[in-house]
Amino acid sequence: MRDLGPLLAVLLVAGGAVATPLAAADQDHGPLPLRSPLLRVPEETAGSGLAPEAAVRITIDEKGRVSGVEVVSITPTSELDPFFRRELVETIAAWRFAPAIKDGEPVRSTLDWRVQFPATPVTLEALMVSGALPGMDAEQRRSSVLAIHARQRAALLEAQARIARDLLDAGHAYDAFSPRFVVHCDADDRHVGAAVAKNLEVAFNVLGSELLAGIVQQPAPSKLEVFVYRNHQELQALLASMPAYEATRGLYSPAGLIAFDLDQASSEAALSVLFHLATHAFLDRHMVRPGVALPRWLAEGFADYVGNSRIKDGRLQPGKIRRSTFRLVGGVPTMVDTASGQELEEAKKALRQGEGVGVRAMLASSPQLFYGEKQKLYYASSWLLVHYLRDGDERWASERFPTLLLYLAEGYPQLAAFRSVYGDPATADEAFQRYVKAF
């Protein structure tokens, strides 16, 4: 295990400029969902095993109220359609939106959306099975956890935390506490747990007050359980015993658990993993609607955007990637390129040569593509795309990017959300290519 004592010296500080609230956005945009109660299984269809998908057209007035609901289709269709149709109309009529804006004024609008009725509840036993779902669909597994009842999710967290706790070195294990986190650690240095808790608190503060300012955060049901292992073998044993939700060097469970190890190349590498996992946790706990999973490119791109950021004077500098760092090479401190910096350069080169992953390709990417043989390229390209969507214009970080994130956190269709906020993906693709070439 490497000595990560410097981790204690890289404590982040809170504060700094806060971005303009989302409410101050002045560009034209479509209706923004504010309150969208979940569909319930109609009493008359209980036990049928049906969980149909419906296409609906919603009319929204100038005050953001739903003035009309048209059920376009229900798939698969059955003799129970009238009950599903009634539930659709009654529930969606109660949704509320920030109205569409055109030329600075609220206007009437229509929205085409697809919604899914909840399926038979997922059992804890099914959610505890290790390994990825068919097709490496980690989003489906994650959204299944986020959709279950709070009591069931708490039971899942307790079961997962029990497994994680048993893998700590009992002779060195101790706990550290903060308002939002409980850190379980078996590092030799007993200050590491408190340092991790403090860094997580500041990371959540930066996400809430700076990176996603103006967005109303959902309350978290419980503290996040964090496990910090002294070596990679302990983490590997945990990964082999737990479901797969993502492919980072660490574990994030949407039940409310983070785990990583201290067997890293440097303290910066350990912090990068920690902040990446923390970003996933923040989005799922405070933004995403139950049962919704953000598109993989956005979730991973934003997590990398935060996780790979530079730290200067104790402050996180999002979007300023660490391209190089000091490492011990043959016992000598040597400046070397970071893995994230190398992958970024490869993604930029591929885009410049017309072989990279642009906007349209990213929006259409499946889990099989994202996790396939070009996984590193997709991860790095998603970071580049998030960088463009936040920093391509000086106003986007406080206006457009949070709006897109809110749309998708509510379950908005991905392409419709992107068009509403950033316009035609083909046009955005060309602008993105120019942005990367000048990056």
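Author: A residue counts as buried when its relative accessible area is under 20%, as exposed when over 50%, and as partly exposed in between (1.4 Å probe, protein chains only). The model is predicted, so local features need pLDDT of at least 70 and side-chain atom pairs pLDDT 80 or more, while totals for chains, interfaces and linings use all residues. Residues are numbered from 1 along each chain as its sequence is written, and side-chain values use heavy atoms, without hydrogens and water.

Reader: Which residues of strand 10 lie on each side, and are they buried or exposed?

Author: In a regular strand, side chains alternate between the two faces of the sheet. Strands (E, at least two residues) and helices (H or I, at least four) are DSSP runs numbered from the N terminus. In strand 10, L224, V226 and V228 lie on one side and E225, F227 and Y229 on the other, all buried. Because 6 of the 6 residues of strand 10 (residues 224-229) are buried, the rest of the structure largely encloses this strand.

Reader: In which sense do strand 9 and strand 10 pair?

Author: Two strands pair if DSSP finds at least two bridges between them. Strand 9 (residues 181-185) pairs with strand 10 in the parallel sense, over 5 bridges. H184 stands opposite F227 of strand 10.

Reader: Which residues does H232 contact, beyond its neighbours within four places in sequence?

Author: Contact means heavy atoms within 4.5 Å. H232, found in helix 6 (residues 232-241), is in contact with R249, D261 and D263 when neighbours within four places are left aside. H232 and D263 are 31 residues apart in sequence, yet their C-alpha atoms are 5.6 Å apart.
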